[in-house]
Amino acid sequence: MWIWLLILTLSLHLAPEHASVPLVINTWPFKNATAAAWSALQSGGSVLDAVEKGCARCEVEQCDGTVGYGGSPDEAGETTLDALIMNGDTMEVGAVANLRRIKNAIGVARAVMELTEHTMLVGESASLFAERMGFTAEDLTTNKSINIFSQWLKGNCQPNYRKNVYPDPSKYCGPYKPVPVQHQNKRATSANEHAHDTIGRCLSGNKNDNNRTLLLPIQLSYFKHLK
């Protein structure tokens, strides 16, 4: 799906008859996120502003239960976030992964792109960077995420995405240890409909503004250990 979004956006962006038309494409039926991005463009914001505003709307609304705070916790019961933003004109990229305590993951990803020479910050380093850049530290846990974690523990930690460890992760919780190399299963696991981004967004600006050459593929995805 993501590749087709890029192809569609690029073809419309380059077509002369559509060259002056701003474009917002969003994966999944997150209408409020799309509307927020469009509103940012119409109010004079840049394409980057629109991407950030649209994705941030989903972070606030917890779209589909997989975007933003209170989403699927990890096996320690904590919800962590990750996000990526790309400027298609300059090819600059900013990303965060395993971000703790910060709800506005897409905003932090943009800060990584614009305020550092890094591409990605991870874990506690990403969280400390965000706090030093003025982002508010907050608890990402909700009653729903606590209940998800509780039910996961009661269900012998299923589903479980570990492999080649013991005790058997398909039947038991950890702690786990690796099985000997000669007994490891090398077969790839099958993918499912949830094994990809949680929100994707492409934007193209008006040819008359300063962002006419921007094509911004955005992927905002979150760790989904328990779903």
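Mentor: Gladly. This is a predicted model, where local features need pLDDT of at least 70, side-chain atom pairs count only at pLDDT 80 or more, and totals for chains, interfaces and linings use all residues. Residues are numbered from 1 along each chain as its sequence is written, and side-chain values use heavy atoms, leaving out hydrogens and water.

Trainee: Which residue in the turn of the β2 and β3 hairpin has a positive phi?

Mentor: Met-91, with a phi of about 65 degrees; the hairpin has 4 residues between its two strands. Strands are DSSP runs of E with at least two residues, helices are runs of H or I with at least four, and both are numbered from the N terminus.

Trainee: What makes β2 and β3 a pair?

Mentor: Two strands pair if DSSP finds at least two bridges between them. β2 and β3 are joined by 6 bridges and run antiparallel, with Ala-83 partnered by Val-96 in β3. β3 also pairs with β4 (residues 120-122), in the parallel sense over 3 bridges. There, Val-96 stands opposite Leu-121.

Trainee: Why are α3 and α4 called roughly antiparallel?

Mentor: Helix α3 (residues 47-61) and helix α4 (residues 105-115) pack at about 150 degrees, their axes 8 Å apart. Angles under 35 degrees count as roughly parallel, over 145 as roughly antiparallel, 65 to 115 as roughly perpendicular and the rest as oblique. α3 and α4 are therefore roughly antiparallel. The residues of their contact (heavy atoms within 4.5 Å) divide into 6 nonpolar, 1 polar and 5 charged.

Trainee: Is Gly-77 buried or exposed?

Mentor: Buried means under 20% relative accessible area, exposed over 50%, and partly exposed in between, with a 1.4 Å probe and protein chains only. Gly-77 has 19%, so Gly-77 is buried. Gly-77 lies in the loop between α3 and β2.

Trainee: And how do you know that Asp-64 counts as exposed?

Mentor: Asp-64 has 56% relative accessibility and therefore counts as exposed. Asp-64 is in the loop between α3 and β2, and its phi is near 65 degrees, a positive value in a residue other than glycine.

Trainee: What makes Asn-98 partly exposed?

Mentor: Its relative accessibility is 26%, so Asn-98 counts as partly exposed. Asn-98 sits in strand β3 and has a positive phi of about 55 degrees.

Trainee: How do you know that the bond from Gln-158 to Pro-159 is cis?

Mentor: Its omega is near 0 degrees. Another cis peptide bond joins Gly-174 and Pro-175, with omega about 10 degrees. Most peptide bonds are trans.

How values were computed:
Axes are lines fitted to C-alpha atoms, for helices over the stretch in contact, and angles run from 0 to 180 degrees between N-to-C directions. Ala, Val, Leu, Ile, Met, Phe, Trp, Tyr, Cys and Pro count as nonpolar, Asp, Glu, Lys and Arg as charged, and the others, Gly among them, as polar.
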